[in-house]
Amino acid sequence: MIKNKIIQNLKTALKKSGIKDDSLIDLQPPTNAQFGDYSTSVALKLTKLFKKNPMEIAEEIKKNFPKSEFVEKIEIVKPGFINFWVSNNNLLDFAQKINEDKFEFPSFHLGKNKKIMVEFAHPNTHKLFHIGHLRNISTGESIVRIFEAVGNKVIRTNYQGDIGLHIAKCLYGIRNSQSVIKKLNNLQERIEFIGKMYTEGTKAYDNPKAKEEINKINKMIYNQDPEILPLWQETKKWSLDYFDEVYKRVYSHFDRLYLESDVTKRGLEISKEIYKKGVLEKSQGAIVFNGKKYGLDIRVFINSLGFPTYEGKEMGLAEKEFYDFGELDKNIHVVTPEQTSFFKITFKVEELINEKKYKGKQYHLIYEWVKLKEGKMSSREGNIIEANWLIDQIKTKILERFKCDEKTAETLAVASAKYSFLKNSTQTIIHFDIDESIAVDGNSAPYIVYTYVRCQSVLRRHSGKAEGRVQNLNDDSGVAPLPRMTESESNLLRKLYQFPEVVLKSAEQYSPNFIATYLYELASQFNLFYQKNPILKAEKETKELRLLITQTTANVIKKGLELLGIKTVERM
RNA sequence: GUCCUCAUAGCUCAACGGACAGAGCACAGGUUUCCUAAACCUGCGAUGUAAGUUCAAUUCUUACUGAGGACACCA
């Protein structure tokens, strides 16, 4: 990487000035393209040490900076920034590689064995897969792909809740409407039915008599009571089948699906074991972890009825996850912020159980809520926006507005939904509005895909073929002549050049939104270029260069969207 | 009560301690004999308040104000 080479040379330059400590060296692409490809503020940081004007220090560093073919220009700008321009040859070399679809990303391994588990999606059976889950699965899927891109082995898991009070509430409703079940013809109807029953059960819970009954059902499920078991399993299967459909629709899959009921028993055992070891303690009839000495909360692991709580079950889950795929270097849990306290506690307890195995490995990747403008979604209120419903709405909108086939509309609808979540930082609460939040123009997936389609259209016309990439762009010359490169061409090449580092940054900060923003900026820059410069009608060498840029842009957009879990289309 | 997040343009969001704080929507205008106008251009507009650290603060620290969340038997 040229970035590392420049850093190395900066170190050399500092050594010549007698500075051995190179911890002050920084190098980043400046926000503004006029300041070059990389910039360092090291001269500013050295003012105290040198007791000299930063501009003078910068001059000295520039003077001592080893001559390098990959740097075209070094410029010093007030108050003391040193800016570097990557040489055109290097930019073109990079574009050539991408042109051939050869992507090389910097490595970013989260552990020596490079094995990362990403646990995401997390829907609960007997409930709808709503837009909150959609944000979760979009985020998780993207994180998986980004970590794979930077060289990790990633395991995809999904911990689905299929036991607990919410299930009992739903089954309570169903029990009173047994006769309806036979009339349900397809999955859609069954899911709607479950949803209705859940709402009914939740409302009934306010009634003391019903509450007692629901608690009884809950206990029966935990005890695997044969009276309730068949109904529980059948309705659970409906949910799981429905989730499978959703996963397929948004191009996600999992290496392992964990169910809460699978870890209940073992979770209880572990909780009892560690209670005996003194990690947990008894309090008011329950077994709890007292986190006070670690500055944490007190949380219940086994309730006074003897059932493991979510915390207790997590012990079973952790053991399984860290066993099923061998040792993990990182286990990333994509979960909302309300569970921060929960994770702090369970991570701490796991660490106390087995420090070597768990310490520093568990990570809670917080993604924020999707709130409706009218307030929080709640099954109780029945104001849940289901993921499928949302995608269908966007699809309808696209079909109404633009002339395209159903398949294209489907791809673009999924793309729009995912992108609208991913362009935000994971830690931003999204205030959802069906009309405003899912954009199909402006900073949106269709805008970026449209740019890709434009590129493809130009390339198709060039090659004269109906499909396929352009071959042999630089048949004779190999490299387009540099003097002909205009500023907009050079700027686009520089933007394209940033791609691998943007991916690295996304991985380092668990932030898909950096890639989303980058792709939008790239598309925007290309569209401006496209508007002002003819590609196919340009002079020979210029045309080759522009075709190279077009193909590279298309490839980067496609790859970038792929890392976001978004598919492109060839025409729209 | 204790703890944790967050506060940027009319609205929804960006910004690794750095260079003039970027977009989209909305609003007001403009651009198609030319590779897809799902595009492009112009204009309008913002860092809650008060201090501090720093060559440099939206970013770090403290206080205040406001919002959200967590804090024992839900998941």
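# A tour of chain A and RNA strand B

Of the 572 residues of chain A, 41% count as buried. A residue is buried if 20 or more other C-beta atoms lie within 10 Å of its own, exposed if 12 or fewer, and partly exposed in between, with C-beta atoms placed from the backbone. This is a predicted model, in which local features need pLDDT of at least 70 and side-chain atom pairs count only at pLDDT 80 or more, while totals for chains, interfaces and linings use all residues. Residues are numbered from 1 along each chain as its sequence is written, and chains are lettered from A and ligands numbered from 1 in the order in which they are written.

**The whole chain**

Select chain A. Its C-alpha trace spans about 85 × 60 × 40 Å along its principal axes. Chain A has 23 helices and 13 strands; these are DSSP runs, numbered from the N terminus, with helices (H or I) of at least four residues and strands (E) of at least two. Two residues are in contact if their C-beta atoms, placed from the backbone, lie within 7 Å. Among contacts between residues at least 6 apart in sequence, 74% join residues at least 24 apart.

**Two domains**

Color residues 2-86 and 390-563, which are domain 1 and domain 2 in the domain assignment of chain A. Such bounds come from an automatic or database domain assignment. The C-alpha centres of domain 1 and domain 2 lie 33 Å apart, and 5 residues of domain 1 are in contact with 5 residues of domain 2. On the side of domain 1 that touches domain 2, the residues divide into 3 nonpolar, no polar and 2 charged. Here Ala, Val, Leu, Ile, Met, Phe, Trp, Tyr, Cys and Pro count as nonpolar, Asp, Glu, Lys and Arg as charged, and the others, Gly among them, as polar.

**Around the RNA**

Select RNA strand B next. A residue is near a strand if its C-beta atom, placed from the backbone, lies within 6 Å of it. Of the 78 residues around RNA strand B, Ser39, Gly164, Asn303, Thr428 and Gly442 come nearest. Which helix gives the most to this surface? Helix 19 (residues 445-463) does, with 8 residues. By class, the surface near RNA strand B has 33 nonpolar, 34 polar and 11 charged residues.

**Helix 11**

Go to residues 229-249, which form helix 11. The expected span of a helix is 1.5 Å times one less than its number of residues. Helix 11 has 21 residues and reaches 30 Å from its first C-alpha to its last, close to the 30 Å expected. Trp232, Thr235, Lys236, Ser239, Tyr242, Phe243 and Val246 are its buried residues. They cover an arc of only 125° around the axis, which puts them on the same side of helix 11; the arc is that of the directions from the helix axis to the C-beta atoms. An α-helix has 3.6 residues a turn, so residues three or four places apart point the same way. Turn to the other side of helix 11 to find Pro230, Gln233, Glu234, Lys237, Asp241 and Lys248 exposed. Helix 7 (165-175), helix 9 (187-204), helix 10 (208-222) and helix 16 (387-401) are among what covers the buried residues.

**Helix 5**

Now select residues 88-99. The 12 residues of helix 5 should span 16 Å at 1.5 Å a residue, and its end C-alpha atoms are 16 Å apart, which agrees. Leu91, Leu92, Phe94, Ala95, Ile98 and Asn99 are buried in helix 5. Seen down the axis, these buried residues fall within an arc of 160°, so they line one face of helix 5. Their cover includes strand 3 (81-86), helix 20 (487-497) and helix 23 (540-563).

**Backbone stops**

Most residues other than glycine have a negative phi, and most peptide bonds are trans. Just after helix 5, aspartate 101 takes a positive phi of about 65°. Aspartate 101 lies in the loop between helix 5 and strand 4 (115-119) and counts as exposed, with 12 C-beta neighbours inside 10 Å.

Lysine 51 also has a positive phi, of about 55°. Find lysine 51 in the loop between helix 3 (47-50) and helix 4 (54-64). Is lysine 51 buried or exposed? Lysine 51 counts as exposed because it has 8 C-beta neighbours inside 10 Å.

Then select lysine 78 and proline 79, which are joined by a cis peptide bond with omega about -5°. Proline 79 is in the loop between strand 2 (71-77) and strand 3.

**Last stop: phenylalanine 325**

Phenylalanine 325 sits in the loop between helix 13 (310-324) and strand 10 (330-335). With 16 other C-beta atoms within 10 Å, phenylalanine 325 is partly exposed. Leaving aside neighbours within four places in sequence, phenylalanine 325 is in contact with Lys115, Met117 and Ile155. The C-alpha atoms of phenylalanine 325 and isoleucine 155 are separated by 8.2 Å, although the two are 170 residues apart along the chain.
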